[in-house]
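What follows is a walk through one protein chain, from its overall layout to single residues. Keep the model in view while reading.

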Amino acid sequence: MINYTLIVVNIIVHFWAPTFKWGVIIANLLDSSKSPEELSYPQQAAAIAGSALVWAKYSTVVTPKNWNLFSSSIGMAATAGYQLARKIQ
């Protein structure tokens with residue numbers, strides 16, 4: 001018997017959610033043209049970098065491992081770290 005719930009969860013969670021997270025990465029890269037004074041510490045540190053690191057860890061714990069989520073989360077953490085470094089300098 002086919003488990004349709006598992007199929008739907010895999011399609012929704014394991015593909016679409018991480019795919020849309022790439023939009024946050026692109027937006028963060030586009031913010032590189034802004035001056036560092038316009039950037040927000042709470043947004044970059046807590047919202048983007050913090051949640052990205054939590055989801056990167058989660059993506060390796062679930063079965064099956066979600067490497068798309070892992071890569072997009074690491075990308076989000078990296079772009080947030082870059083923005084924070086710009087803000088601190």
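Helices and strands are taken here as DSSP runs, a helix having at least four residues and a strand at least two, and they are numbered from the N terminus. Read in that way along the sequence, the chain gives the pattern α-α-α. There are three helices and zero strands. The model is a predicted one. The chain has 89 residues, of which 28% count as buried. Among contacts between residues at least 6 apart in sequence, 78% join residues at least 24 apart.

At its start, a side-chain oxygen of Ser40 comes to within 3.3 Å of the backbone nitrogen of Gln43. Further along, H2 has a kink of about 25 degrees, centred on Ala49. The buried residues of H2 are Gln44, Ile48, Ala49, Ala52, Ala56 and Ser59. As a general point, an α-helix has 3.6 residues a turn, so residues three or four places apart point the same way.

Helix H3 takes up residues 67-88. H3 has 22 residues and reaches 31 Å between its first and last C-alpha, where 32 Å would be expected at 1.5 Å a residue. At the start of H3, a side-chain oxygen of Asn66 lies within 3.4 Å of the backbone nitrogen of Asn68.

Where do nonpolar residues gather? The largest nonpolar core is made up of seven residues: Ile25, Ile48, Ala49, Ala52, Met76, Ala77 and Ala80. The elements that each give two or more residues to this core are H2 and H3. In soluble globular proteins, nonpolar side chains tend to be buried together.

Ala49 links several of these points. The kink in H2 is centred on Ala49, and Ala49 is also a member of the largest core. Leaving aside residues up to four places away in sequence, Ala49 touches Gln44, Ala77 and Ala80.

Gln44 is found in helix H2. Is Gln44 buried or exposed? Gln44 counts as buried because its relative accessible area is 2%, and the cut-off for buried is under 20%. Apart from residues up to four places away in sequence, the contacts of Gln44 are Asn28, Ala49, Thr79, Ala80, Gln83 and Leu84.

Leu69 belongs to H3. With a relative accessible area of 8%, Leu69 is buried too. Its contacts, again without residues up to four places away in sequence, are Pro18, Lys21, Trp55, Tyr58 and Ser59. Ser59 is itself among the buried residues of H2. Leu69 and Phe20 are 49 residues apart in sequence, yet their C-alpha atoms are 9.9 Å apart in space.

How many salt bridges does a search of the whole structure find? The search finds one. In this salt bridge the side chains of Lys34 and Asp31 meet, at 3.7 Å from N to O. Lys34 is partly exposed, with a relative accessible area of 36%.

Notes: Residues numbered from 1 in each chain as written. Predicted model: local features only at pLDDT ≥ 70, side-chain atom pairs only at ≥ 80, totals over all residues. Heavy atoms only, no water. Bend = angle between axes of the 7 residues up to and from the residue. Buried < 20%, exposed > 50% of the residue type's maximum accessible area, 1.4 Å probe, protein only. Polar contact = N/O pair within 3.5 Å; in protein donor to acceptor, adjacent residues only side chain to side chain. Contact = heavy atoms within 4.5 Å. Core = buried A, V, L, I, M, F, W, Y, C linked by side-chain atoms within 4.5 Å. Salt bridge = Lys/Arg side-chain N within 4 Å of Asp/Glu carboxyl O. Expected span 1.5 Å × (residues − 1).
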